[in-house]
Amino acid sequence: MTSVKKIVVLKGDYIGPKIMTAGLAVLDAATKDTIFAYELIDAPFGGDGIDRAGDPLPQSTIDVSKQADAVLLSAIGGPKWDNTPRRPEQGLLEIRSKLNLFANIRPTKVTAAQIDRSPLKPEYVENTDFVIVRELTSGAYFGKPRKLEAHQAIDTMYYSEEEVTRIMHQGFKMAQKRNKHVTIVDKSNVLATSKFWRKIANEVGKSYPDVTIDYYYVDAMTMAIMAKPTTFDVVIIPNLFGDILSDEAAQITGSIGQIGQIPSMSVGKSGPNLYEPIHGSAPDIAGQGIANPISMVNTVAMMLTESFDEKRIADKITAAVDYIIENHYVTPDMGGTMTTDEVTQKMVDYIKNYESADIK
């Protein structure tokens, strides 16, 4: 008997619920007539958590998430909660900690349908396919002491041996399943934490003799990621630098500003992975019905592949995304005229006919 997978749904804020609805509609269409069975569990989180439960990460959400097979999160935050005691974004940092999610995985892949959307010339971007593995629970965002005073401020960048070692193993193991090439990003010519980062990278790398390693200072990487994106495979990067470079990498696919096409997942040693689109909650277009659902839909496909080993179902979804881009069935941010619902319906219709000889 097939077990029913439990998926916790954190619906998000502003455009979040709209794109979540789109993602779940595509999930429903792709899993029709398959043996994959799942249960959706709604839980308060972010601004929605503040409104419903008085906290961006209620204990009830932590408890149900720990028992889930996957957590699916939409975009959160926005000006509505600017003056609340705890902001929605605090819930995001905390859920990563509570679920021990130490690595964020962001793929950057440019398909044939996306080449024309990229700001780079086709000859630079064609065949781009790399993954950023970002350390997620340490570094400058979590180090102490942290102070903001009238005439001074302090942030502490800290890494332990365990924290660096586990993110290195995550990246190297991923590279073994791909093109066996790891790029380490740091600022070891200046920062002690980066010297430490590179030292451990060298040590861990000895356990993966089949993987080629190269190194980039973060400032050089900001140029290289645009000038020669096809040369990278797996990029392992500290938290702060990864926050910046992963957003830059999104530009390569044509994901500009608050729109997006790239999915992401956060993983730990045990427990569920957390999946989320990379873009913001876009308060300026909320309620207009024109939010771009592609990143959320790709996030659903990533969840099916990585947490449930359902690549065949995920392939239906990624094919549907390519189909709407190729045929320009897209929202205004991508130069189209369709609403979120219309774009979603085009994907659902494509999936329903996916097995036909014409579009298989």
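Student: Why is Arg178 called partly exposed?

Tutor: Buried means under 20% relative accessible area, exposed means over 50%, and partly exposed is in between (1.4 Å probe, protein chains only). Arg178 has 26%, so by that rule it is partly exposed. This is a predicted model, where local features need pLDDT of at least 70 and side-chain atom pairs count only at pLDDT 80 or more, while totals for chains, interfaces and linings use all residues. Residues are numbered from 1 along each chain as its sequence is written, and side-chain values use heavy atoms, with hydrogens and water left out.

Student: What makes Arg178 and Asp129 a salt bridge?

Tutor: The rule asks for a side-chain nitrogen of Lys or Arg within 4 Å of a carboxyl oxygen of Asp or Glu. Here the closest N and O atoms are 3.4 Å apart, so the pair qualifies. Asp129 is partly exposed too, at 27%.

Student: Why does that pair tie together separate parts of the chain?

Tutor: Arg178 lies in the loop between α6 (161–176) and β8 (181–186), whereas Asp129 is in strand β5, so the pair links parts 49 residues apart in sequence. Helices (H or I, at least four residues) and strands (E, at least two) are DSSP runs, numbered from the N terminus.

Student: Which salt bridges does Arg87 form?

Tutor: One is with Asp82, at 3.0 Å between the closest N and O atoms, and another is with Glu89, at 3.4 Å. Arg87 counts as partly exposed at 31%, as do Asp82 at 39% and Glu89 at 32%. The count for the structure comes to 21 salt bridges.

Student: How do you know that Arg312 is exposed?

Tutor: Its relative accessible area is 53%, and the cut-off is over 50%, so Arg312 is exposed. Arg312 is found in helix α11 (residues 311–326).

Student: What about Glu248: how do you know it has no salt bridge?

Tutor: Lys and Arg count as positive and Asp and Glu as negative, while His and the chain ends are not counted. The nearest side chain of opposite charge to Glu248 is Arg106, 11 Å away, and the salt-bridge limit is 4 Å. Leaving aside neighbours within four places in sequence, Glu248 is in contact (heavy atoms within 4.5 Å) with Thr222, Ile225 and Met226.

Student: What makes Lys346 count as lying over the face of Tyr329?

Tutor: NZ of Lys or CZ of Arg must be within 6 Å of the ring centre and within 35 degrees of the ring normal. Lys346 is at 4.3 Å from the ring centre of Tyr329. Tyr329 also forms one aromatic cluster with Tyr323, Tyr350 and Tyr354.

Definitions and conventions:
Phe/Tyr/Trp six-rings, centres within 6.5 Å; stacked < 30°, edge-to-face > 60°.
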